[in-house]
Amino acid sequence: MSVKTNQFWRKWLPYDWLTRAGLSDDVVAGIITGLILIPQALAYASLAGLPAHIGLYASLLPPMVYAIFASSKTMSVGPVSVAAIMIADAYRAAAVHTTADAVTVSITLAFEIAIILWILRALKLGVINSLLSHTVLSGFTSAAAILIIFSQLDKITGVNLGELGATFTNGNYDVLINPYTLATGVAFIIGAIILKKLLSSAPGKPLFGFIAKLIPLAILILGIVAVNIFPDTANIKIVGAIPSPLPNFKWVVADLSTWRLLIPPALAIALIAYIESLSVARILAEKNHQRVDANKELFALSAANLASGLSGSMPVAGGFSRSMVNDASGAKTQRATLVTVGVILLAALFAKSFMENIPYFALAAIIILAVAPLIDLKTLKHTWRYDQGDALVIAVTFFGVLSIGLEFGLLLGVLSAFILYFKRTLQPHIAELGRLPGRTEYRNILRHSTEQDDKILILRIDENLYFANIDLIETTVLSRVALHKNLEHLILVLNATNHIDSHALHRLETLTSTLRDLHIAVHCVEVKGPLQDRLRKVNFEQRLSAGHFFMTIQDVIDYIHSDQSTKANITQ
């Protein structure tokens, strides 16, 4: 095998699996994560409006495929809550225009997401995660969590909330809440919250922390016990028959119109899934002093979703809670994922009858407990104190998702973030600088006690110059110039400027000509190298009084004083 070929396989295949280092840690972590993933997988499939066993299918082949190609050592992939609610939302929207069932829609979305992520990888657009700011994600996930909680209330109460309005409209006020599901579901939620608080404050945190992670599994077991205790008249909905413990590998093809219809939600799910997954992978990598390759993660997630579509399941992504559990349990490599898959496979093969009797109110309780922490009011409060504009982006995204839906709410949030950024670049900060007494540093005269020369005006422009803001910049500069009656020199500090577009360059050239006619010399200082290169190509520096750029403000001051001294000697 050639060196080049060997490097290729080492880049794409998990060679660290072949070593014995960390093997026992991976086995333990895989077992623990598997026990946690079983209830999550069943619950999130239910949240997506799919048969619960689809969640198990999504926890078998897709994580294995991800593990082979991933750059993250410990991230755990499978069904996730936000993607699940988006799948349910996509099916509700598509049901009006297509006859495809929920499973077909889910499989189609998995294929489309795989294609989208693969295209992004082919174009090496791993940096696309920067399109969604933290503020947009915070508003989106908080609103999505509220929608998820409301979507589970019918399973807790036994009342179909979607049909409640029609029931009242028809004059029927006999809304029959199921007291069994309501009492037990609420008891599970309250009990789990109290138990988690007690365990978190108890000594011996590693052990009690592990017990807290198994609360969802305990809810499933207690739910089954409750179903057997309740009378037959309780009308408890359970998971029911699981067709097969293993996925059925067959090609499920939706019609072309359904594929076209699902492209917008697939784009939204792909973007959210990738960004959340990459965020989790980076947190884990930073914690363990490792590196994550964004483009490799795109490929791994694409392959995982392709496997999801081929195995007839649902779109998958990196899950925050189970990835943290996997890492905290000692996982060293993606071998832990193989063990997790093994645990789920054993459960599917030998605990099929157990899972068929799981009540939906227990799954709803697990979902509500899992997503309630996603309602992030702390970030909104903190952001409001720091930057009210960013807080407004959170609010716009939050209320947008609640009022007009997940995809359009997310789009509105992204749009509001770009508008805020555009607004900030339209109104750049321009500071007037003065010299600190006895020193050669120059600072904002509004923030520091400084010394100024009435013949010299120093302005620092803290923004790129382009067509949309150059008018305001030019107006501000001229108004500041007008305030200095004895002005002879204008120094423009451009250390915060990375780019000047053609329109702004033209206006800057006009400005230097205007000021030269007023017998005011213009100097540019601290111009970045790449920008200098572009400006030199059009001989911009020849328009400046000194004919070149200066390294520091003090260099300009020294030049001005030496020039004035020379002129004085010539006059004498």
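This briefing walks through the pockets, cavities and helix packing of the structure above.

The model is predicted, so to speak of a local feature a pLDDT of at least 70 is needed, side-chain atom pairs count only at pLDDT 80 or more, and totals for chains, interfaces and linings use all residues. Residues are numbered from 1 along each chain as its sequence is written, and side-chain values use heavy atoms, with hydrogens and water left out. The largest pocket has a volume of about 1,200 Å³, and the structure also holds 2 cavities of 30 Å³ or more.

**Terms for the empty spaces**

- Rolling a probe the size of a water molecule over the atoms shows where empty space is left.
- On a 1 Å grid over the protein atoms alone, a cavity is a set of points where a 1.4 Å probe fits but cannot get out, whereas a pocket is an open set with protein on both sides within 12 Å along at least five of seven lines; a lining residue has an atom within 4 Å of a point.
- Grid points are joined across faces, edges and corners, and a volume is the space filled by probe spheres set on the points.
- Ala, Val, Leu, Ile, Met, Phe, Trp, Tyr, Cys and Pro count as nonpolar, Asp, Glu, Lys and Arg as charged, and the others, Gly among them, as polar.
- Helices (H or I, at least four residues) are DSSP runs, numbered from the N terminus.

- The largest pocket is lined by 35 residues, and F320, S321, A370, P373 and L374 lie nearest its centre.
- Among the elements that give two or more residues to the lining of the largest pocket are helix 2 (23-47), helix 10 (205-213), helix 15 (320-328) and helix 18 (360-371).
- By class, the lining of the largest pocket has 20 nonpolar, 10 polar and 5 charged residues.
- The second largest pocket has a volume of about 470 Å³, and its lining of 21 residues has P264, L267, A268, E407 and L411 nearest the centre.
- Helix 13 gives the most to the lining of the second largest pocket, with 6 residues, while helix 5, helix 6 (102-122) and helix 21 (406-426) are among those that supply at least two each.
- That lining has 20 nonpolar residues, no polar ones and 1 charged residue.

- The largest cavity, with a volume of about 50 Å³, is lined by L37, S59, P63, S76, V77, T337, T340 and V341.
- Helix 16 (residues 335-350) provides the largest share of that lining, 3 residues, and the classes come to 4 nonpolar, 4 polar and no charged residues.
- The second largest cavity has a volume of about 40 Å³, and its lining includes I461, I470, E474, R507 and L511.
- Helix 22 gives the most to the lining of the second largest cavity, with 4 residues; by class, this lining has 7 nonpolar, no polar and 2 charged residues.

**Helix 7 and helix packing**

- Helix 7 (residues 134-157) has 24 residues, so at 1.5 Å a residue it should span 34 Å, which agrees with the 35 Å between its end C-alpha atoms; the expected span is 1.5 Å times one less than the number of residues.
- G158 follows helix 7 and has a positive phi, near 80°.
- Helix 7 and helix 21 pack at an angle of about 160°, with their axes 10 Å apart; axes are lines fitted to C-alpha atoms, for helices over the stretch in contact, and angles run from 0 to 180 degrees between N-to-C directions.
- That makes helix 7 roughly antiparallel to helix 21 (angles over 145 degrees count as roughly antiparallel).
- The axes of helix 4 (residues 61-69) and helix 14 (residues 294-310) come within 8 Å and cross at roughly 155°, so helix 4 is roughly antiparallel to helix 14.

Terms used: Angles under 35 degrees count as roughly parallel, over 145 as roughly antiparallel, 65 to 115 as roughly perpendicular and the rest as oblique.
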